[in-house]
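Subject: The structure, and some notes on it

Hello,

Here is the structure I promised to pass on. Please open it beside this email and follow along as you read.

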Number of protein chains: 2
Amino acid sequence: MKKIIKPLAGASLLLPWAIQANGADKPNIIFFLVDDYGWLDSEVAYGEEVYPNNHRMHTPNMKRLSEKGVIMTNAYACPISTPTRTSLMSGMHAAHEKINMFTAPEINTPTDFTGGTRGFFTDASSRENDDIFARPEWNYNGISPEPGVPHTQYMTPMVKQLRDNGYYTIHIGKAHWASMGTPGVSPYNMGFIVNVAGNMAGMPRSYYAEDNFGNQPDKWTYSAINDLEEYYGSDKNLTQAITDKALKAMDYPIEKGEPFYLYMSHFGVHTPIHPEPQYYQKYLDAGQEEKTAMYSSMVESVDESLGQIMDYLDKKGVADNTIIVFYSDNGGHSLNDAKNSVPHTFNEPLREGKGSVYEGGVRVPMMVYWPGKTAAGMRINTPVTPPDFYPSICEMAGITDPKTVQELDGKSFVKLVTDGSQLAKKAVDEGKIKNQKEANAFVIPQSVSGIDPDRTVISHMPHQWRIEDQDDVDFLSAVRKGDWKLVYRMHDGKLELYNLRKDLSERNDVAAKNPKIVKELAKELGTTLRKWGAPMPVVKATGKLVPMPDEL
Amino acid sequence: MKKIIKPLAGASLLLPWAIQANGADKPNIIFFLVDDYGWLDSEVAYGEEVYPNNHRMHTPNMKRLSEKGVIMTNAYACPISTPTRTSLMSGMHAAHEKINMFTAPEINTPTDFTGGTRGFFTDASSRENDDIFARPEWNYNGISPEPGVPHTQYMTPMVKQLRDNGYYTIHIGKAHWASMGTPGVSPYNMGFIVNVAGNMAGMPRSYYAEDNFGNQPDKWTYSAINDLEEYYGSDKNLTQAITDKALKAMDYPIEKGEPFYLYMSHFGVHTPIHPEPQYYQKYLDAGQEEKTAMYSSMVESVDESLGQIMDYLDKKGVADNTIIVFYSDNGGHSLNDAKNSVPHTFNEPLREGKGSVYEGGVRVPMMVYWPGKTAAGMRINTPVTPPDFYPSICEMAGITDPKTVQELDGKSFVKLVTDGSQLAKKAVDEGKIKNQKEANAFVIPQSVSGIDPDRTVISHMPHQWRIEDQDDVDFLSAVRKGDWKLVYRMHDGKLELYNLRKDLSERNDVAAKNPKIVKELAKELGTTLRKWGAPMPVVKATGKLVPMPDEL
């Protein structure tokens, strides 16, 4: 529309509806989502200090974005991927939509390893049942844009709101909201106009075009990646290939002057850890152990993708009208030795990683850049959670009261990142914030942001995630409020309490010293989980649900 | 745009550019392409009489379209699929773009069985070389929208013209223009905004959702169909599933009032012959042999798809502004006993079928319906060929002089089907056309249509198509002009001449009686093939190209 309106700009003939209808007043929105990307895997230091682990990877483009936009220092995701992704689309808390575990490619196939008889892993037969707990009831077919699909959460997709309001909606990369054989598996049914590669697959079989990204006779699995046939046999990696596709897909709405929403959903940096040849050697040369170097090279490839997109927006002249939201779907993977020789250490100083409700599993990188609205480089410590994105992105698109069949659980963070960051900037200008620590501690009052800075953050993992038992991962639930975090270890029937301000690494359990706080938080967690009807494991011995934390 | 313009209709505020920009004056175009669909496989009788074979299948929706639009009684395609499809996209004659054979999924893999060392068939090792001829030089990687790709024809895609002129372009179904690893494999690179299922695959592995359309571990091949995961395990057949996707994809441009181009490219009714349960029994009950009943059920499923699309256009209120072009990519398959117990008879009275330059291989069903412009139910006998579609569809979209890197070989048939059909209607109204035979004989002069009714039609097959030798298929070239058709049998070094008016079945070779006509047509064929640099086989004994028909 821009091109057409130009000759008439300022003329009285310019009708308000003409702009409105074509959305020239609406910003473009890019949601740049990285998979399994940890809080420490970046030059951007989200913490109140720069930790040693912040020096591992070169991420110049994330740095560049952080200097333009705002850094969310307390952004949370779910412990694993599907729940975050479905929550982003439904606006419901994962425990509310009853999806705290990942969906299998196959329909009707619970993936939690607590008594299942089917599965999609080739080693499914070797699965161990948990001795104590049986599987909770949950929506193992994912979310659904249509009612009546068994074991799904019916909901009005966030992206459909955008599409219905004039946005050109592009899906690139990983979807993983639902199992095949259900409508939720297809981005086209979620409101996307374009889809490249999105379906039930939660990870790629291969990052390499020389492997056809997994599309090879005799090797094919449900993790083979669709829609990238033009790159087969070339030296493009998956991250580069889908970035290419994203750039091309933006051309059409840019040419037409239509606002667009790009869901740039990288498979990287999920396993398999396949090094990117252009970067790998550099990290070896820098002395990283082999597996870390492999992973670092994948991170830098994703960083390059971000840079290419930002460059493209500049080149096309739309950067000033394009919001970029940067986020990860869960904490960095740290369970095994895929990334370094010592398991459970990759996210230090955070405890644990993907799968866990400890901070390493749920605290994730996040940035928001809204040209002209967010104050450059500011740090915002109010917690943000997956359900917040639905109302936030709708608000960015001018949809203030989205109509949904489901109840939304989040709050828009638009005022937080706009007015809130301007407030922070004022504090910087006035000398009230002088360093990173003070910036991280700066509180944006609810009167400005609409969000209580001490709001409750619930992380819920009522499943056994993987075949091997993981005490710090399986059957946990947690609630954070302000500095305090309560962790409910269901297997042990135990409540732990940590003060995150003093003890970010959650090593010093102070539950015994603070019974009142434990009781309050346990009540808050239990009340909310009951209200949502959150999945809870079943105690095999009694056939009853595991008690809520306030029922112990 | 419609919804927005409505309250202002008639008001002086209605600016011309507002309509122009949004294309409300441009018709939607649906290209309904059926695969391997023969001239006789329909209730619509394209010939000058109704043949027994026209009674085999129920095609009520094709009948419905034929009564609204015009019937092209001399529509030609290439003998096989890829050449027709690439020609539709490039506007070049298949022999000119040097693609007279189908492209393999794999790059750099000629599919003609004359000395090749690689291939994608599992039985490639059992391939027989031809004793006499070696493979011609040809573009076995297909067409390419980018220059410099080895063994491709570089061209500006037809669909890109539409997209660049405001059309919302939707690809549903089979593409098959190029091999994987080249840009031509992706509909997104051809100008399509939406792609469902299109890539290098030329046929489905399975028509059944219960087989996941071929996407199953241990069974996967390059013929597995992408992008239909939501139907896996259901009872939707492939034809129904992609029709569903097409209906959904039209919603967006219809809602926005943007003109759209829907390339509805069915895999049906290509092999494998997988019966559609809802129709199969009916044909058995009608006494068809089992294989014919299977095929008939597939045809009726495609007919149902056409009906669903027409109904949807009605329901959405856009039928009056939507052109429908109906076409097949080659003649019906008749080589083996896949469809009935007697090979080579399925297209009677036409000789032979898919693969051959005899009429059964190249004469195909075609209809065009342009509401308000084509005269209902008229029959047009001027020949139409694949390269004609590029300028025709561009003209329909208001693009009168498309800029291309390639030389276009066709003529727009827009005036032929509009002014030409109105002329035929006048003749009907005046009693000059009283029956089907007279309608088929009615000549539309070049002064009206812009196309010589006796134009030249060249069909070229310089390859061995399949593993088994087929004398009436392999290494043939033909030219038709008016009633006369010359067939060059390269293996024999022989020229045949048929009078199609008297001998539609090409059984009575009259070459010996008409040496002058043979000479003229041989010169025309030879001259044109030389001009295009058409692929010709190599004589193994001499290492030289097979002589042109006028060099014998």
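First, the ground rules. This is a predicted model, in which local features need pLDDT of at least 70 and side-chain atom pairs count only at pLDDT 80 or more, while totals for chains, interfaces and linings use all residues. Residues are numbered from 1 along each chain as its sequence is written, chains are lettered from A and ligands numbered from 1 in the order in which they are written, and side-chain values use heavy atoms, leaving out hydrogens and water.

**The two copies**

Two copies of a chain are related by a rotation about an axis and a shift along it. Here, chain A superposes on chain B by a rotation of 180 degrees with 0.0 Å of shift along the axis, at an RMSD of 0.0 Å. That is the relation of a two-fold axis. The superposition is by least squares on the C-alpha atoms of residues with pLDDT of at least 70 in both copies. The same surface serves both copies, as 100% of the contact residues of chain A recur in chain B (contact means heavy atoms within 4.5 Å).

**A covered strand in chain B**

Helices (H or I, at least four residues) and strands (E, at least two) are DSSP runs, numbered from the N terminus. Strand S9 of chain B, residues 322–328, is mostly covered, with seven of its seven residues buried. Buried means under 20% relative accessible area, exposed means over 50%, and partly exposed is in between, with a 1.4 Å probe and protein chains only. Thr322(B), Ile324(B), Phe326(B) and Ser328(B) point one way from S9(B), and Ile323(B), Val325(B) and Tyr327(B) point the other way.

Which strands flank it? Strand S1 of chain B (residues 28–34) runs parallel to S9(B) and is joined to it by seven bridges; there, Val34(B) has Ser328(B) as its bridge partner. Strand S10 of chain B (residues 366–369) pairs with S9(B) in the antiparallel sense over four bridges, with Tyr369(B) as the partner of Ile324(B). Two strands count as paired if DSSP finds at least two bridges between them.

**A four-stranded sheet**

Further along chain B, four strands form an open antiparallel sheet in the order S12-S13-S14-S15. Its edge strands are S12 (456–461) and S15 (494–499), each pairing on one side only, and the twist averages 15 degrees from one strand to the next. Six bridges join S14(B), residues 484–489, to S15(B), and one of the pairs is Trp484(B) with Asn499(B). Helix H16 of chain B (515–532) lies across S12, S13, S14 and S15 of that chain, at about 115 degrees to S13(B). Axes are lines fitted to C-alpha atoms, for helices over the stretch in contact, and angles run from 0 to 180 degrees between N-to-C directions.

**Aromatic rings**

The whole structure holds 37 aromatic pairs over all chains. Rings of Phe, Tyr and Trp (its six-membered ring) pair if their centres lie within 6.5 Å; planes under 30 degrees apart count as stacked, over 60 as edge-to-face and the rest as tilted. The rings of Tyr295(A) and Phe346(A) are edge-to-face, because their planes are at 85 degrees, with the centres 5.4 Å apart. Tyr295(A) lies in helix H9 and Phe346(A) in the loop between strand S9 and helix H10 of chain A, so the pair ties together parts 51 residues apart in sequence. Tyr295(A) is buried at 0% relative accessible area, and Phe346(A) is buried at 3%.

Tyr295(A) also has the charged end of Lys339(A) over its ring, 4.0 Å from the centre. A charge sits over a ring if NZ of Lys or CZ of Arg is within 6 Å of the ring centre and within 35 degrees of the ring normal.

**Backbone details**

Most residues other than glycine have a negative phi, and most peptide bonds are trans. His344(A) is partly exposed, at 29% relative accessibility.

Happy browsing!
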